[in-house]
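Me: I would like to learn how to read a model feature by feature. Can you take me through one?

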Amino acid sequence: MVPGSLIEDDTDNLLPMEVHHRRTMTRYKQAEFEDDSSSIGSVQLTEGVSATATHIRYHSGSTLWKSRSLLEKCLILLVATLVLILFVMATLLSVSGNRGPQQIHLSVGGSTKENDYCLSEECVTTAAQLLSSIDKNIDPCDDFYEYACGSWIRANPIPDGKSIWGTFVKLDQQNQLVVKNVLQKPITDMKSKAEQKAKLYYQSCMDPNETVETLGPEPMLKLLDEVGGWSISGRNFNVKSWNLQNTLHILQNKYNMGGLFSWAVQEDDRNSSLYIIQVDQGGLTLPTRDNYLNATQNEKLLAAYLDYMTKVGVLLGGEYNSTKAQMEAVIEFETKLANITIPAEDRRDEEKLYNQMPIAQLQEIAPFMSWIDYFSDALRLVGKKITDKEKVVVYAPNYLSNLTTIIQNYTKTTDGKIILNNYLVWQTVRSFTSCLSKAFRDAYKGLRKALIGAEGGEEPWRYCVTDTNNVIGFALGAMYVRETFQGDSKAKAEDMINSVRTAFKENLRNLSWMDQQTIASAEEKADAISDMIGFPDFILDPVKLEEYYIDLEVHDNSYFENNIHVNQFNLRKNLQNLGTTVNKTRWNMTPPTVNAYYTPTRNQIVFPAGILQAPFFDITHQQSLNFGAMGVVMGHELTHAFDDQGREYDKYGNLHQWWNNKTIEKFTNQTECVVKQYSKYEINGKHLNGKQTLGENIADNGGLKAAYRAYIDWTKTHDKELPLPALNLTHKQLFFLSFAQVWCSATTEEATNLQIEKDPHASSKFRVIGSLSNSLDFAQEFNCPLGSKMNPVEKCEVW
């Protein structure tokens with residue numbers, strides 16, 4: 001099952017890996033249209049997510065900055081420093097020179113003497129940063145997002161090659177710089193062999209000797225021979241001896257590739273202390289089923305996809321016209337898969353999706369291959385045996401049944417068999433093109449442009465830092481934590497989590513739609529939520545860290561082979577779980593990650609070190625800012641335990657009905673209000689999908705409410721903090737400003753459209769507007785008239 005998370009990512013991840021377990025964790029931000037990077041039986045074409053990602057990166061070369069002389073650089077820095085000083089002085093002057101509030105809704109109240117403000121270096125810097133993003137020409141009661149972020153958006157155009165630019169991206173890039181510096185240290189400085197492997201992998205990605213360029217297509221051509229050939233490249237493919245079962249064993253069980261369906265060993269939803277095999281729908285290359293089914297609307301995208309496929313095929317030896325024709329047939333096959341794929345918004349009821357059965361029953365539903373032979377072949381890698389009585393969980397039985405019909409029709413003819421093999425091998429080829437020479441990476445630019453409005457092109461070191469984090473992130477995390485993470489942050493974050501949890505439980509008692517027995521059970525679940533902060537302890541133990549990565553083979557000049565080894569390592573790691581007890585302290589994110597998540601089967605919230613820094617969290621900041629940013633993140637993840645999917649799991653992380661039917665009915669009525677509210681929001685002429693984004697919207701609203709109450713509770717037991725200069729905002733108002741400015745961002749039209757189609761999160765603007773327009777506290781603090789856009793008469797409340 002999939003847990004909850006915070007954000008839609010800025011890493012420009014595109015062609016998703018199939019979700020083999022639909023609700024493993026909910027992140028605060030979606031990692032840019034991506035799913036789990038270590039999927040079994042399905043591989044993702046995505047950037048910044050998996051070792052097999054297709055990235056667009058530049059070779060090292062001069063930049064505008066690098067081309068400057070030393071004198072020019074010094075003068076530029078001097079001018080920038082003077083501008084910053086002038087800006088800070090102007091903000092301070094506005095304190096004494098502009099006594100009245102600029103907006104009738106904004107007022108600090110009381111004296112405005114200079115010594116009534118916090119004028120420390122931290123306060124002045126923070127005030128300047130907040131003020132620089134605000135657009136004072138916008139009424140905060142009309143559009144608080146534009147008020148909070150309008151100036152930031154104008155001052156921060158999307159950089160060339162990027163599709164999204166915002167707070168999360170900037171912070172992630174800061175973390176990348178830290179990681180780069182530790183990776184560039186001598187290998188003798190590494191504390192463990194695992195850390196040495198991280199450095200070796202990074203070096204292979206950077207490719208200082210141009211090995212990748214020199215080899216060109218050779219590594220892939222060699223792999224094609226090993227998997228049985230490919231008709232498109234003309235490499236040793238014999239359709240007469242071709243067998244679907246054998247092909248799946250080689251591609252999926254030996255090389256951990258994807259196609260047709262997805263599967264993995266994961267926690268059993270109904271008995272979360274044990275692992276079980278899970279099987280689900282999958283097999284699409286493009287991000288959504290609609291990309292195929294709405295052919296007219298997606299004409300340019302489909303043309304770009306075909307062009308990309310054809311270019312890659314030709315680079316691997318295919319003749320242009322023949323390659324294009326065969327790739328068109330692959331797209332036609334994928335379209336058939338899209339037609340039987342169930343939309344994400346119709347897969348939100350976890351109890352209805354859960355179908356446990358023996359493998360023998362799965363065989364009856366989907367007899368296109370021998371499932372017991374397939375699973376046995378995979379588990380042989382880790383020395384495990386099963387029978388056809390082994391229980392599996394099937395999340396899409398209708399899909400698998402329909403898939404059988406499609407496959408049976410294709411295997412009746414020689415041409416159909418060729419298309420099936422072309423499709424399956426394409427899943428492998430596309431997954432490894434980023435590990436090949438520049439010509440292969442350049443082939444992807446057109447498709448990337450069609451998908452998210454940007455061709456990409458980041459510095460090689462940034463690409464390689466992200467890639468290394470995806471591959472061997474806990475070893476990288478050990479170096480990152482030693483370099484940056486402050487011990488005080490962990491203790492302070494723990495205190496904040498507990499205060500937000502207490503506030504959430506206080507809010508529960510005020511709900512009119514929930515019966516007292518269920519409220520008591522919900523409080524028990526909230527108390528049972530475990531939290532993990534910063535990093536897993538094992539990463540700082542060199543022996544345990546080495547043991548974790550002991551089977552991963554890495555060399556400093558074999559980037560393509562390293563990625564094959566990574567795929568195989570991830571497969572073995574996953575398969576080893578079968579038959580073992582679940583480790584509920586296992587992390588799903590690496591320490592440098594700027595995100596957070598909730599896992600329902602573990603009833604657990606996790607906050608990596610990467611997000612525990614400004615602007616989200618800083619022990620030197622006013623608590624109004626910390627609670628408005630990080631407090632809301634914490635409340636968001638905690639509320640996921642009670643969203644439309646998380647509420648189906650009890651305090652132990654087991655899926656079953658622990659609410660009575662009447663309360664469930666009332667909950668559904670409350671959530672319907674949220675669905676309708678967000679479905680009315682519109683961007684680029686497209687309405688948001690309120691049903692698809694329901695869980696995240698519930699978490700946003702509940703998290704904001706819990707964090708604000710926690711902040712108010714904090715003020716009752718602590719000394720009053722001085723207001724920040726120049727802003728003319730109370731600390732209660734700063735709480736809401738801090739929350740909103742976390743979401744300041746700019747996005748290309750294409751990326752926005754893709755987000756609407758695929759992402760379980762609403763767009764940044766409506767994550768702010770949607771939550772605040774439901775908040776009575778916000779309306780009160782900003783004196784928003786009832787009936788104004790930010791204080792509508794009708795409001796939605798779940799938690």
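Predicted model: local features only at pLDDT ≥ 70, side-chain atom pairs only at ≥ 80, totals over all residues.

Me: Start with helices. At what angle do α5 and α19 pack, and how far apart are their axes?

Reply: Two packed helices are described by the angle between their axes and the distance between the axes. Here α5 spans residues 193–206 and α19 spans residues 460–484. They pack at about 175°, with the axes 9 Å apart. Angles over 145 degrees count as roughly antiparallel, so α5 is roughly antiparallel to α19.

Me: Which kinds of residue make up the contact of α5 with α19?

Reply: It divides into 17 nonpolar, 1 polar and 4 charged residues.

Me: Now the rings. How many aromatic pairs does the structure hold?

Reply: The structure holds 47 aromatic pairs. A pair of aromatic rings is described by the distance of the centres and the angle of the planes. Take tryptophan 263 and tyrosine 374: their ring centres are 5.8 Å apart and the planes meet at 65°, so the pair is edge-to-face.

Me: Where do tryptophan 263 and tyrosine 374 lie?

Reply: Tryptophan 263 is in strand β4 (residues 261–268), and tyrosine 374 is in helix α14 (residues 371–379). The pair therefore ties together parts that are 111 residues apart in sequence.

Me: Is tryptophan 263 buried or exposed? And is tyrosine 374 buried or exposed?

Reply: Tryptophan 263 has 1% relative accessibility, so it counts as buried. Tyrosine 374 has 0%, so it counts as buried too.

Me: Which residues form the aromatic cluster?

Reply: Phe144, Tyr147, Phe627, Tyr708, Tyr711, Trp714, Phe735, Phe736, Phe778 and Phe782 form one cluster.

Me: Which residue lies over the face of tryptophan 461?

Reply: Lysine 180 does, at 4.5 Å from the ring centre. Lysine 525 lies over the face of phenylalanine 642, at 5.4 Å from the ring centre.

Me: On to sheets. What is the strand order in the open sheet of 4 strands?

Reply: Strands of a sheet pair through backbone hydrogen bonds, either parallel or antiparallel. In this open sheet the order is β4-β5-β7-β6, and the pairing is mixed. β4 and β6 (356–358) stand at the edges with a single partner strand each, so one side of each has no neighbour in the sheet. The twist averages 35° from one strand to the next.

Me: How many bridges join β5 to β7, and how many join β6 to β7?

Reply: β5 (residues 271–281) and β7 (residues 391–394) run parallel, joined by 3 bridges. β6 and β7 run antiparallel, also with 3 bridges. Look at valine 392 in β7. It is the bridge partner of isoleucine 277 and of methionine 357. Glutamine 278 stands opposite valine 393 in β7.

Me: In which sense does β8 pair with β10?

Reply: β8 and β10 (residues 604–608) pair in the parallel sense, over 5 bridges. Aspartate 531 has isoleucine 605 in β10 as its bridge partner. β8 covers residues 530–534; 4 of its 5 residues are buried, so β8 is largely enclosed by the rest of the structure.

Me: How many residues of helix α29 are buried?

Reply: In α29 (residues 764–772), 8 of the 9 residues are buried. Among them are Phe766, Arg767 and Ile769.

Me: How far apart are asparagine 156 and alanine 746, in sequence and in space?

Reply: They are 590 residues apart in sequence and 7.7 Å apart in space, C-alpha to C-alpha. Asparagine 156 is in the loop between α3 (144–155) and β3 (164–166). At 13% relative accessibility, it counts as buried.

Alanine 194 is 350 residues away in sequence and 9.6 Å away in space, C-alpha to C-alpha. Lysine 544 is partly exposed, with a relative accessible area of 47%.

Me: Last, the backbone. Which residues does the cis peptide bond join?

Reply: It joins alanine 614 and proline 615, with omega about 10°. Proline 615 is in the loop between β10 and α24 (623–639).

Me: What is phi of aspartate 207, and of asparagine 684?

Reply: Aspartate 207 has phi near 50°, a positive value in a residue other than glycine. It is in the loop between α5 and α6 (211–215). At 11% relative accessibility, aspartate 207 counts as buried.

For asparagine 684, phi is near 55°, again positive in a residue other than glycine. It is in the loop between β11 (682–683) and β12 (686–687). Asparagine 684 is partly exposed, with a relative accessible area of 40%.

Note on methods:
Residues numbered from 1 in each chain as written. Heavy atoms only, no water. Axes fitted to C-alpha atoms, helices over the stretch in contact; angles between N-to-C directions. Helix = DSSP H or I, 4+ residues; strand = E, 2+ residues; numbered from the N terminus. Parallel < 35°, antiparallel > 145°, perpendicular 65-115°, else oblique. Nonpolar A, V, L, I, M, F, W, Y, C, P; charged D, E, K, R; others polar. Phe/Tyr/Trp six-rings, centres within 6.5 Å; stacked < 30°, edge-to-face > 60°. Buried < 20%, exposed > 50% of the residue type's maximum accessible area, 1.4 Å probe, protein only. Lys NZ or Arg CZ within 6 Å of the ring centre and 35° of its normal. Pairing = 2+ DSSP bridges.
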